[in-house]
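Student: I am new to this structure. Please take me through one part of it, closely and in order.

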Amino acid sequence: MYPEAAGSSFDFNSPEYLQWQCDIYNELQGHLNESDGYNCDICKNKGQIAIISDDTVINRPCKCTPIRDSLKILRESGLANCTFDNFNCGEKWQEKLLETGRNFVETTRGEWLFIGGQSGSGKTHICTAVLRSLVFRYRIKVELFKWAEDSKRLKQLVNDPAYTEAMNVYKTPKVLYIDDFFKIKRGENVTAADVNLAFELLDYRYCNKLLTIISSELSLDEIVDIDEAIGGRITQRSGRFELYISKDRKRNYRLKPIRSESEARENGGQTLY
Ligand SMILES: [Zn+2]
């Protein structure tokens, strides 16, 4: 109990009492770390802190909120465990991929990162690790655009009043990662609607100098062939951070055979072919 609360003339609006209320709240332990693994000493994992504003105690979001929001996006996309430290780095081209990702985080001054080429070679892993590192380094909310799913949803919305708001989710964040850019089903082609969507998104981010990370099975030349304006903008922004992993099925970890029966059993008996 607050020491002077026993007195009959107690002032519940005194700065001391308001501060005492804040202190009590701010000392409480929360549990947000149990779902996202992030520990915050400021809010003690409650996500909010109490402050005095206009002679009233109010709660405001803690500085860890954008970090937790970003971690949630990665978790819901199944990418929560992609870090630089757990990237498989047995071969030279994998070392180059890792080095490019790390170097980008350390030295980008607004350039974009483009990694194209072989499917299943770890492009998404490295780009996600980059995204994750930027979250912690700059304490920012980032966004993830999974081309195959999100482009489909947005193209269906294009004549709907909700379209502008839905697009702004991806146009405006300080950092956006576009995974599997221009990914289409086998036998299909990139359509005019795909190009329009990509141009609207990338042109906005280009003009507003917003950091963008892109992975794609296509090379930048192939993207230029599809649309010069889009390819040109990516080329110009990514500059020294453009990497292409040559197409070689041996570089696709998803196609690596299971070596032994016991290993097959550990994997639920399924082969990866
Ligand atoms: Zn916090």
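Tutor: Strands here are DSSP E runs of at least two residues, and helices are H or I runs of at least four, numbered from the N terminus. The model is predicted: local features need pLDDT of at least 70, side-chain atom pairs count only at pLDDT 80 or more, and totals for chains, interfaces and linings use all residues. Residues are numbered from 1 along each chain as its sequence is written.

Strand β7 covers residues 242-245. Its pairing with β3 is parallel, over 4 bridges. Two strands count as paired if DSSP finds at least two bridges between them.

β3 also has strand β6 (residues 211-216) as a partner. Again 4 bridges join the strands, and they run parallel. Here Leu 113 has Ile 213 as its bridge partner.

Now the side chains of β3. Leu 113, Ile 115 and Gly 117 point one way. Phe 114 and Gly 116 point the other way. All of these are buried. Buried means that 20 or more other C-beta atoms lie within 10 Å of the residue's own; exposed means 12 or fewer, and partly exposed lies in between, with C-beta atoms placed from the backbone.
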